[in-house]
Amino acid sequence: MLKLMPRDWLLMEGLYANTMMSFKQIANYYFDERAKSTIHNRLTQLEKGGVIRRFKMGRVLHHLQETEVGVLFVLTKLGLSLLQAKTS
């Protein structure tokens with residue numbers, strides 16, 4: 001069973017509020033300049049635990065410039081259920 005840390009709960013709240021977030025957004029908001037490998041490892045653990053899900057994205061048009069997003073993360077039904085149980 002995956003043990004959720006305080007940062008995981010904040011991330012889940014952020015994913016709920018924003019619907020989806022990129023790797024870069026998650027790194028900037030929740031991981032305080034940690035190494036990319038540390039961020040990737042934790043997100044992989046959360047994904048394997050069924051809390052979040054990743055989607056690969058290609059180039060997207062953002063503010064009239066092509067931007068490489070790479071990966072987007074969303075909250076799963078399990079993640080949403082855990083978050084609702086915690087806040088109720």
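The legends below accompany an overall view and several close-up views of a predicted model.

**Figure 1. Overall view of the predicted protein model.** The protein contains four helices and five strands. Read from the N terminus, its elements follow the order α-β-α-α-β-β-β-β-α. Of its 88 residues, 32% count as buried. Among contacts with a separation of 6 or more, 51% are made by residues 24 or more positions apart. The accessible surface amounts to about 6400 Å², and carbon and sulfur atoms supply 54% of that surface.

**Figure 2. Close-up of the salt bridge between Asp8 and Arg42.** Side chains of opposite charge can pair when their charged atoms come close. In this view, the side chains of Asp8 and Arg42 meet at a distance of 2.3 Å, N to O. Asp8 belongs to helix H1 (residues 6–18) and Arg42 to helix H3 (residues 36–48), so the pair ties together parts that lie 34 residues apart in sequence. Asp8 is buried, with a relative accessibility of 2%. Arg42 is also buried, at 11%, because a residue under 20% relative accessible area falls in that class.

**Figure 3. Close-up of the salt bridge between Glu47 and Arg54.** The side chains of these two residues, Glu47 and Arg54, meet at 2.6 Å, N to O. Glu47 is partly exposed, with a relative accessible area of 27%. Arg54 likewise counts as partly exposed, at 22% relative accessibility. The count of salt bridges comes to two.

**Figure 4. Close-up of Thr76 and the residues that it touches.** Thr76 is situated in the loop between strand S5 (71–75) and helix H4. With a relative accessibility of 17%, Thr76 counts as buried. A polar atom of the Thr76 side chain lies 2.4 Å from the backbone oxygen of Gly50. Leaving aside residues up to four places away in sequence, Thr76 touches Gly50, Val51, Ile52 and Arg53.

Terms used
Residues are numbered from 1 along each chain as its sequence is written. This is a predicted model: local features need pLDDT of at least 70, side-chain atom pairs count only at pLDDT 80 or more; totals for chains, interfaces and linings use all residues. Side-chain values use heavy atoms; hydrogens and water are left out. A salt bridge is a side-chain nitrogen of Lys or Arg within 4 Å of a carboxyl oxygen of Asp or Glu. Helices (H or I, at least four residues) and strands (E, at least two) are DSSP runs, numbered from the N terminus. Buried means under 20% relative accessible area, exposed over 50%, partly exposed in between (1.4 Å probe, protein chains only). A polar contact is a pair of N or O atoms within 3.5 Å; within protein, one must be able to donate a hydrogen and the other to accept it, and residues adjacent in sequence count only if both atoms are side-chain atoms. Contact means heavy atoms within 4.5 Å. Accessible areas come from the Shrake-Rupley method with a 1.4 Å probe; for residues, only the protein chains shown count as cover.
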